[in-house]
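Colleague: I would like to learn how to read contacts between parts of a model. Please take me through them one at a time.

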Amino acid sequence: MSWITNFFTSSVGKKVIMSITGIFLCTFLAAHMSGNFLLLKNDGGQAFNEYAKFMSTFPLIRVLSIVTFIGLLFHAVDGIWLVLQNRKARPVKYHSFKGGANSSWTSRNMGLLGVIILFFLIVHLKSFWFEMKFGTIQYVEYGGVKYKDLYSIVVSAFSQWWYVLLYIICLIALSLHLMHGFQSAFQTLGLNHKKYTPIIKGVGLAFSILVPLGFAIQPIYVLLKSMNVF
Amino acid sequence: MKLTLKVWRQKNSKTRGRMETYPIDGIDEDMSFLEMIDVLNQNLIKEKKDPVAFDHDCREGICGMCSMFINGEPHGPEKGVTTCQLHMRSFKDGDTIVIEPWRAEAFPVIKDLVVDRSAFDTIIQAGGYISVNTGNAMEANAIPVDKSIANEAMNAAICIGCGACVAACKNSSAMLFLSAKVSHLNMLPQGEVEGKRRVLKMMKAHDEAGFGSCTNTGACSAECPKEISLSNIARLNRAYIAASLTSEESI
Amino acid sequence: MKLDSKVPKGDLGDKWTNYKSKVRLVAPNNKRRIEIIVVGSGLAGASAAATLGELGYKVKCFCFQDSPRRAHSIAAQGGINAAKNYQNDGDSAYRLFYDTIKGGDYRSREGNVHRLAEVSVQIIDQCVAQGVPFARDYGGLLANRSFGGVQVSRTFYARGQTGQQLLLGAYSALSRQIENGSVKMYNRHEMLDVVLIDGKARGIIARNLITGEIERHGAHAVVLGTGGYGNVFFLSTNAMGSNVTAAWKAHKKGALFANPCFTQIHPTCIPVSGGYQSKLTLMSESLRNDGRVWVPKRKEDCKKHPNEIPEEDRDYYLERIYPAFGNLVPRDVASRAAKYVTDEGRGVGKTGYAVYLDFSTAINRLGKDLIAERYGNLFDMYHRITDENPYEVPMRIFPAVHYTMGGLWVDYELSTNVPGLYAIGEANFSDHGANRLGASALMQGLADGYFVLPVTIGSYLADEIRTAATDTNHPAFKKAENEVKTRLEKLLNIKGDKSVDDFHIALGKIMWDKCGMAREGKGLKQALKEIQELRAEFWKNVFIPGDAHEFNPELEKAGRLADFLELGELMVNDALDRNESCGGHFREEYKSKEGEAVRDDENYRYVAAWGYSGDPSKPELHKEALDFEFVELKTRSYK
Ligand SMILES: Cc1cc2nc3c(=O)[nH]c(=O)nc-3n(C[C@H](O)[C@H](O)[C@H](O)COP(=O)(O)OP(=O)(O)OC[C@H]3O[C@@H](n4cnc5c(N)ncnc54)[C@H](O)[C@@H]3O)c2cc1C
Ligand code: SF4
Ligand code: FES
């Protein structure tokens, strides 16, 4: 089976891991973002809490979330490995290096952006996922069924301006990461075509703006609501 | 024109180098960049100092020998040219110009601005050919080749092996160079036959030489004097993935 | 010395076939033990090294660049000839043979040239199989263009980068042999001497250009594919590193140097623009397919903007003087015509040493797009260098030194007169006589390397199968190594005041003024004296920084120049000896009333093969008479 290790340790193979996990994580992002819009429903959190319970108990989703987690892990570890290996390929640096003349800043700083996103994810998972799973969480009852009240935790977190700010900064990093990552994933898989590449690039750009924007609307909405703006 | 040059000086691969500053005067805009360095070197020789070593041969943009990292970019600020094709009209009187060698683990410095690019030869030796012995060829017109394919193959085949792609890439990856050769040969019916073997072997040689992994920044293609397209890298990836999955030979 | 060309007897078309069927062979088990050194990795060297490797010989290949792929052949632009007759315009091996003999002004061997024409078709097959992306038509078949001096379309091309693509083809074949171990490649190595043992070539002395180390390499035979010596003129279209050193060392060890004065001046180069100029850039001859050459009819118009000079005030002098071939006359004719019009004071541009090459008629007829498709990269190159757009303003061009027909004397088997020492490609005096037709150098280089040498060398090696591997501790190696070292030290110890380039520029000027496009007895004699003086001064006053044990480009240049300073004198002597005008050798004293070259077949129908006497000023002339059995000697006419 050495061809498998050969493949995944080759310079293209490493990137294939990044690209497949990346595309998978994109679909996760899209789904996660859409589901979370339930936060905006004016029902005191019922829909959101029901959704949260469904997501944490439905077997297929459980499996998917484990896969997502593993995907994320691979994406992060492989990404860090890639950055370290690539640094080794240039032991002596240039005195003057004008990267801006030939490539975008995001494309050259995927590692940095990735680390910011990773940091965000840790904070994020700690605040919500960990609380929901292992924290001391309140329960609410809808129609006689008990639900963990994740909604309240989210609302209280998003009512702090600094938390929201941190969130938004990280979402900007995510947006930039996606701007390069989305189309790059296709290039890595060899999906490049005179006709379709411009479409992929267009979709990628839209995706990398809309998804983080969608995520950003939620805390901003909660924050503004907590400040009684509306 | 009067200029200030900051040039990397390094006696050989074993000693450490440093940047040296040289003022230079009397530069004509119609001079090529290398002719400007010639002037510097003639001045240094007159002062009985060691001239700046640099690689060059054809001085018309085809041999791929010249290789200077000028003001932060390989082959300087103009697009689609080699260092020898760069003219001093691209600079202004009073400019400071920083000149460095290509920097990459796989391209060690030999002296001053001269680096060892034999890693490129090693990659080609791993499969950048079609296995046909002399005298073994069939009549040339027996294999028609679609004009557009022949054109695309030519677009990739014009790579001059200068290494600017590696120099520009933040990862020192040689994927553009590698992909140009794989594309050129794999696209043609003559080369398709051993296509899988070729891509697997050449990729292995690329990685073993110490080049980094491509992260699709596009710097290579933007700095390539022959403007080799990134679509070649996609084609290479495709070929590599397919060959890894389907080839029964282990390489 | 009696020079035996060894051209086989028989009918023109049968010579090569008969030779091949009778030549002695070396069995595979013996090939494995036989070592061959190939110096040079250009079209000739790379194709020979690859093919010999495929045949099973143990090959060592040397080049001074950092990779075999960078040999000067890479710069060839226009194309390669082959008698495929794909265009159905009446081409044949005989016609290619005839055109080449005539184009060379009847100063080449019939047998060699016909062989070249015969194998030309195989070259195209071979290159296509290697993946050389030649231009094609929509049907997917190969396209052709026409070149100067012929009336058929037989030139195969890959945009304006034919030499590059052909060399990369040969380089890939070579790489394949390097990978499988049959060829060992020595990059950044310069051969500084051949070593003879008992009169046979048995190896070379080479300098590792990175470390400065002097190395001995032994073999059963040595092949030189080291290119031409156009850089003796300092300014030429050759790559900066092109040099005569390898051939010259062989000459000094006894190999004859043939027809050194036959140099080709190419009519379409970008004119010199300033004193700092380090080299000249060729604009491919293919441009003359669609470009029209002209100068103003009146001197007064020369400084005007070309687009302001009306049609009736332009002198399309090539079309006027040579109506049959027009702008496609051979190179020597076109160059000389440019010299005449500029000598008359009708040259254009800053210096007055340029003529126009105008594409406006072609652009009107064919459209800008088609012209761009044909010549786009050349136009871009011109634009970049001159900062002028040739789609709008006519190009300015002027002749420049481009190719050297002369070189080491070789017989039909490509062997020099030193047993075991072969010369191929531009390094030999070759098949082009006194003038080479466009697109024929690539053909000759590849013919020699792929198809001729690998066959003919067998006839020598068949006798060497019992010869053990060469012992590089033999006194001959020691002696040669010491000579090389002493010479390097001598150069370094001069510690004078002038740079190598100072001397090279001075030599170039003497050669160009007195032994260039037109030569005259008086000037040539003066040149002899000037070169001798310059050489003496060089050995007293050159300054070379650094030492011999490091990467030292100035030292490399100095060694090459020292050889040019001797070769230059031989070229002048050869030009003086040849009291006739033929091809690239034009003596002012020998021209017709209309200014055309006048050949003297009675007295000069020979190859001048010069031997080294020990004193570069006293060369010994040997003559190989040229017999023409199959063509009738005529005055070349392109009118
Ligand atoms: C600008 C230009 C355009 C041309 N266009 C055409 C064209 O369109 N068609 C055509 O037919 N011809 C053309 N020619 C001519 C043609 O390119 C050359 O004649 C031909 O390529 C010579 O090939 P070669 O193999 O003999 O030598 P080269 O390609 O010159 O190779 C010489 C080799 O020898 C090596 N070498 C030399 N000396 C030493 C030494 N001392 N030690 C070790 N190695 C050494 C070099 O490293 C190099 O590898 C053109 C020439 C020029 C200058
Ligand atoms: S791909 Fe471009 S930059 Fe890289 S070696 Fe080839 S020509 Fe140079
Ligand atoms: S010197 Fe040949 S490409 Fe610049």
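Colleague: What area is buried between domain 1 of chain B and domain 2 of chain B?

Modeller: This is a predicted model, in which local features need pLDDT of at least 70 and side-chain atom pairs count only at pLDDT 80 or more, while totals for chains, interfaces and linings use all residues. Residues are numbered from 1 along each chain as its sequence is written, chains are lettered from A and ligands numbered from 1 in the order written, and side-chain values use heavy atoms, with hydrogens and water left out. The size of an interface is often given as the accessible area lost when the parts come together. Buried area here is that loss with a 1.4 Å probe, summed over both parts. For the two domains of chain B the value is about 1,400 Å², with 59% from carbon and sulfur atoms. B:Pro74, B:Ala106 and B:Phe107 supply 32% of the area that domain 1 of chain B buries against domain 2 of chain B.

Colleague: Where do the domains of chain B run?

Modeller: Bounds come from an automatic or database domain assignment. Domain 1 of chain B covers 3-110 and domain 2 covers 118-246. Their C-alpha centres lie 29 Å apart. Contact (heavy atoms within 4.5 Å) takes in 19 residues of domain 1 and 20 residues of domain 2.

Colleague: How many salt bridges are counted between domain 1 of chain B and domain 2 of chain B?

Modeller: The rule asks for a side-chain nitrogen of Lys or Arg within 4 Å of a carboxyl oxygen of Asp or Glu. The domains of chain B have 1 salt bridge between them. B:Glu223 also forms a salt bridge with B:Lys79, at 3.9 Å between the closest N and O atoms.

Colleague: How much area do chain B and chain C bury between them?

Modeller: About 6,300 Å², 51% of it on carbon and sulfur atoms. In chain B, the residues that lose the most area to chain C are B:Glu60, B:Thr134 and B:Lys147, together 11% of what that side buries. The contact involves 72 residues from chain B and 76 residues from chain C.

Colleague: How many salt bridges does the rule find across the interface of chain B and chain C?

Modeller: It finds 11. C:Asp66 pairs with B:Arg117 in a salt bridge, the closest N and O atoms being 3.2 Å apart.
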